[in-house]
Protein chains: 2
Amino acid sequence: MISKPPGLERRIRAELEAKIRAGDWPPGHRLPTEAVLMADYGCARMTVHKAIQGLVGEGLVVRNKKAGTLVAKPHVVTAVLEIPDIAALITDRGETYAFKLLSRDIADASPDNPDERALGADGRLLILKGLHIADGEPFAFERRILNLAATPEAEAIDFSHTPPGSWLLNHVPWSQARHRITAVPADASTARLLHLPPQAACLQVERWTWRNSQGVTFVRQVFPGDRYDLVAEFSPSAEP
Amino acid sequence: MISKPPGLERRIRAELEAKIRAGDWPPGHRLPTEAVLMADYGCARMTVHKAIQGLVGEGLVVRNKKAGTLVAKPHVVTAVLEIPDIAALITDRGETYAFKLLSRDIADASPDNPDERALGADGRLLILKGLHIADGEPFAFERRILNLAATPEAEAIDFSHTPPGSWLLNHVPWSQARHRITAVPADASTARLLHLPPQAACLQVERWTWRNSQGVTFVRQVFPGDRYDLVAEFSPSAEP
DNA sequence: CCCGCGATAATGTCTAGACATAATGCCTCA
DNA sequence: TGAGGCATTATGTCTAGACATTATCGCGGG
């Protein structure tokens, strides 16, 4: 009674969702039809329809004409991974952040380099290597390839202290990406850069980014296994 | 003209999305108001409203009353990680799958074990250790804690060849989970089990699962770094 | 010049219908 | 007994409105 009424659609959705999450309605169970809910709540069909569509968006239910609405079977566990900008990640922790550019090269894409080929680029590439530093300690090593055909402005930018990831976030519009997450032993030079013993277990995140089906960038980041981990929450689709 | 008309709402949504993804409308750009789109497409407001709400669901735009609808700034990279059932993962690859139970114990939850405490369980626990095997080769080692208060049926199940993860998927309804992904060096016994050299880099996935705010299970899986990696696609929320 | 207040412009939510579409399941006919 | 077709049921999509909500902007007064 204190807070404002959250809207009927939200309420219907929340009540259905609660029944599913509590296990009252197990996977495969058929939920009431729109007509029934409409009568239960005394509202228009559009309202219950939108409520149930919300559950579809969350993947909690599947709908079939005539067959009705069924609680979905969770066959794969999906999790939403938020891969933050490293600079933001570190400053959010209250540590000081610095980026150190180790090398900068411009090269033509060569079809025999698998990283470059996957990017689908065929023109000039900007190749950057750098180190992310938190409170003076090395935090991650990254090697990045930028497709200059997709982001020609990048050639003029001074990346000696600006991390290219942060620059891209603010200058490249919406895009699509693919991530690959692996554990790798640190090779000799990476181990030295990250102040690790040779062969130390590291988390490697590779990301390919496209915009409008044109390759924009590829990056491989190596984190010391004991200094970083990824956390993914299951997504009960947050409400604003 | 070959395929059926996909519905006006879908069409509006797709056209707006295309403009955003192509970069025609950069982050921060204000898109046409519902009234304008209504006139453009000659349809009711509800239709454009639902189309734009779809974009909100994808996180592509943000809406404010009076201020209008703005293209969102991609400040964190989010990706949808599908963490499959290991048995399904392996058989999908066309390899033979086997599970070998290494140990089974029942214990009372002890508050000084951090894994058990995080689960929030305070009754009896079933503790399983096992090995996932693909084509005869060890694929992953797992240690799992099941809260018997949440899933009492589990006590009667014979897990000697059934992987507990697969059993849970089919017997526990919808739940919430939290994942933590790290790189760790294999300890001596894990290395032996997985046929790895000691200290080899491994990917470790930890998952806490709750249902109805009651802890259900905690599992820690260790994969050889060179035999498994996680792939996460960015999610432009697929359309059926 | 700044502050506050009110008009306004935008989205949020809901209604009560209409017609379309698709899968189920029954019923009929061979 | 079996197969096909049709009626039924449920969701999918859309309309044309109504009223609610709220951030912004501009204007006027102190």
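The following exercises, with worked solutions, concern a predicted model of two protein chains and a DNA strand.

Local features need pLDDT of at least 70 and side-chain atom pairs count only at pLDDT 80 or more, while totals for chains, interfaces and linings use all residues. Residues are numbered from 1 along each chain as its sequence is written, chains are lettered from A and ligands numbered from 1 in the order in which they are written, and side-chain values use heavy atoms, with hydrogens and water left out.

**Exercise 1. Determine the strand order of the open sheet in chain B and identify its edges.**

Solution. Helices (H or I, at least four residues) and strands (E, at least two) are DSSP runs, numbered from the N terminus. Two strands pair if DSSP finds at least two bridges between them.

1. The 3 strands of the open sheet follow the order β1-β3-β2 (chain B), with antiparallel pairing.
2. β1 (30-31) and β2 (61-64) of chain B each have a single partner strand, so one side of each is left without a neighbour in the sheet.
3. β1(B) is joined to β3 (residues 68-71) of chain B by 2 bridges; B:Arg30 stands opposite B:Leu70.

**Exercise 2. Describe the protein surface near DNA strand C.**

Solution. A residue is near the strand if one of its heavy atoms lies within 4 Å of it.

1. Around DNA strand C there are 24 residues, of which A:Leu8, A:Ala44, A:Thr47, B:Arg45 and B:Arg63 come nearest.
2. By class, this surface holds 5 nonpolar residues (Ala, Val, Leu, Ile, Met, Phe, Trp, Tyr, Cys and Pro), 11 charged (Asp, Glu, Lys and Arg) and 8 polar (the others, Gly among them).
3. α3(B) provides the largest share, 4 residues.
4. Of the DNA atoms within 4 Å of the protein, 65% belong to sugar or phosphate and the rest to bases.
5. Polar contacts (N or O atoms within 3.5 Å) include a side-chain atom of B:Arg63 at 2.7 Å from a phosphate oxygen and one of A:Arg45 at 3.3 Å from a base nitrogen.

**Exercise 3. Characterise the interface of chain B and chain A.**

Solution.

1. Contact (heavy atoms within 4.5 Å) takes 55 residues from chain B and 56 residues from chain A.
2. The chains bury about 4800 Å² between them, 62% of it on carbon and sulfur atoms; buried area is the accessible area (1.4 Å probe) lost on being put together, summed over both parts.
3. The interface has 2 salt bridges, each a side-chain nitrogen of Lys or Arg within 4 Å of a carboxyl oxygen of Asp or Glu. One of them joins B:Arg180 to A:Asp229, with the closest N and O atoms 3.0 Å apart.
4. β4 (residues 77-84) of chain A pairs with β4(B) in the antiparallel sense over 8 bridges.

Key. A polar contact is a pair of N or O atoms within 3.5 Å; within protein, one must be able to donate a hydrogen and the other to accept it, and residues adjacent in sequence count only if both atoms are side-chain atoms. Buried area is the accessible area (1.4 Å probe) that two parts lose on being put together, summed over both.
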